[in-house]
Amino acid sequence: MKKVDMSINLGGLQLKNPVMPASGTFDLYEDNNLPYDTKVLGAVMTKSIFLKKRLGNPLPLICESTSGLINALGTPGEGVEYLIKNKLPIFRKANRTVIVSIGGNGVKEYKLLAERLDKVEGIAALELDLSCSNNVDNIIIARDEFLTEQTVAQVKEVSTKPIIAKLSANVTDITKIARAAQKGGVDILSLINTVSAMAIDIKTKKPVLGNKVGGLSGPAIKPIALKMVWDVAHTVDLPIIGIGGISNSEDAIEFLLAGASAVEVGTAALINPLVMLEIIQGIEKYLGQQGYSSLEEIIGLA
Amino acid sequence: MKGAKLIQVYAKVLNQTEIITNHFILKIFSPEIVKKAIPGQFVMLSAWKQKDPLLRRPFTFNRLFPEEGSFEILYKKVGKGTEIMSYLKAGDQVSLLGPLGNGIKFPQNTKKIAIVCRGIGVAPMLAIIDKAKEKGIDIYAYLSAATKDLLLVKKEIKQKAKLLYITTDDASLGTSGKVTDFLEKTLKDTKIDAVYTCGSKRLKRHTERLKELYGFNAWVILEEHMACGFGACKGCACKAKKDNNHKGKYFLVCKDGPVFPIDEVEV
């Protein structure tokens, strides 16, 4: 079988293959003990970082539901300076392509973060986690067309890197938000973030999670995510990174056929750390068997 | 074991016993994992290929048998995952990821250790006891449970411990008091070098108080719901104590623990 070209260019972000971790479900430590070489991934992705340190939500932070995982972590983190000093060197060692996910309390913080990170070497792109609540307007940016456009535009003003806007599923019409991000000048869209969800303990008669409500990830949301990728791919002419319950290469191929040019893998890699490696191999094998010579040929075929 | 690569393997079940209603000991053959395992560490186990249940489940090593290449876990049937596990029999296959977390250590020149645990919190103790015996360390055991049947693996501990104290809430065996009162009695005339506790917030608090009074090393072994077990999901956070410069900080049970210096964490 001849070699398949797995590389892809996403609006200026060049990847050697289309598979990368989803923000918040992947981390690297000094004593990186993952059972595979992370250099094989298309990119590595940090957890969403804020300007300042955040403790996150009250415990408990996670619970399992049918074919899914509900989390209400509240984006804990040490702040951007810690990331630059302590985490980034480890990520850079792990893969040539490092994407930093950023979050903010309000549009202004995204801009400040993008400005700070633009001066830092070794970052390939920024992903804007737009699902954080906005202290100023008390609204989630990703649920508002105007704020989404504003945030992207402000970030683009100060950043020279490709910008990915990560969209929320918890909206009436995701294509409108996608268009707003495009108007703001975004380079790439990634979707979907977790789906609003909760669980109640019938013994205590109280919500299970400390934050009461959280976000659902895992196989349970895959068909929802796939449909949203399909919708956005048919509306907006921008490269899309598909996210949502991708657990194997078949799932990933579905997203590519729906119009995604790359995929992020989250919950599945918590259960099987080798899954991203298996997905890369699975896509390559599928393309070869189907007689394609490059990944690009199947994007949006469905 | 900092720096050691995680191992993900399929392993065969050697046998399973229901020791009392809903409490099981599962013995698994996995030389790769056992070779690297330290008491107090854990494995993430899956006995299902379908997506519900979805996540692996964390289990500490109840006993390690490095010569046989096998280990045991001790668990209570509480939900979907452990329900499926309860049907496992010899020859069945499970998927393992491990060994994970930081295991226990004995301080230098340790002569005597104590274990203080309640109910299913005895799960990591036999492995610790075996390791201590290997090093010629004396074991003082303090077991607590709601009722005598829930004093799990009591017989095995009795064989290995120099002294064994028992309390049960219903006084079905031993007295109904606090088992740490017996530990305090021991401490009055015996120097204990290290104490390991698991399975009860109350026993953890009392052990911590005794540590302040008598000045021994003490660790608590925590359990928590986990999605990954290797520090990626951040779901198994526990609160760091405000003193010790940990104000407003969470630890991860999987990565920073599950064995913690007793006065570093709040439970």
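Predicted model: local features only at pLDDT ≥ 70, side-chain atom pairs only at ≥ 80, totals over all residues.

Colleague: What angle do H3(A) and H4(A) pack at, and how far apart are their axes?

Modeller: The angle is about 30°, and the axes are 7 Å apart. Angles under 35 degrees count as roughly parallel, so that is the label here. For finding them in the viewer, helix H3 of chain A covers residues 145-158 and helix H4 of chain A covers residues 174-184.

Colleague: Is the crossing of H3(A) and H4(A) left-handed or right-handed?

Modeller: H3(A) and H4(A) cross in a right-handed way.

Colleague: Which residues make that contact?

Modeller: From H3(A) they include Glu145(A), Thr148(A), Glu149(A), Val152(A) and Lys156(A). On the H4(A) side, Lys176(A), Ile177(A), Ala180(A) and Lys183(A) are among them. By class, the contact of H3(A) with H4(A) has five nonpolar, four polar and five charged residues.

Colleague: OK, and what about H4(A) and H5(A), parallel or oblique?

Modeller: Those two are oblique to each other. Their axes cross at roughly 50° and come within 9 Å, with helix H5 of chain A running over residues 222-233. The crossing of H4(A) and H5(A) is right-handed.

Colleague: Who's touching whom there?

Modeller: H4(A) brings Ile174(A), Thr175(A) and Ala178(A), while H5(A) brings Met228(A), Asp231(A) and Val232(A). That contact splits into four nonpolar, one polar and one charged residues.

Colleague: Zooming out, how many helices and strands does chain A have?

Modeller: Chain A has eight helices and 18 strands. Its radius of gyration is 18 Å, close to the 19 Å from the globule rule for 302 residues, so chain A is as compact as a globular protein of that length. The C-alpha trace of chain A spans about 55 × 50 × 45 Å along its principal axes.

Colleague: Switching to chain B: where do its domains fall?

Modeller: The domain assignment gives domain 1 as 7-100 and domain 2 as 112-221 in chain B. Their C-alpha centres lie 25 Å apart. Twelve residues from domain 1 of chain B and twelve residues from domain 2 of chain B make the contact.

Colleague: Which strands are on the domain 1 side of that?

Modeller: In chain B, strand S1 (7-20), strand S5 (63-65) and strand S6 (70-76) each supply at least two residues of that side. By class, the domain 1 side has six nonpolar, four polar and two charged residues.

How values were computed: Residues numbered from 1 in each chain as written. Chains lettered and ligands numbered in written order. Domains from an automatic or database assignment. Contact = placed C-beta atoms within 7 Å. Helix = DSSP H or I, 4+ residues; strand = E, 2+ residues; numbered from the N terminus. Nonpolar A, V, L, I, M, F, W, Y, C, P; charged D, E, K, R; others polar. Axes fitted to C-alpha atoms, helices over the stretch in contact; angles between N-to-C directions. Left-handed = near helix turned anticlockwise from the far one by under 90°. Rg over C-alpha atoms; globule rule 2.2 N^0.38 Å. Parallel < 35°, antiparallel > 145°, perpendicular 65-115°, else oblique.
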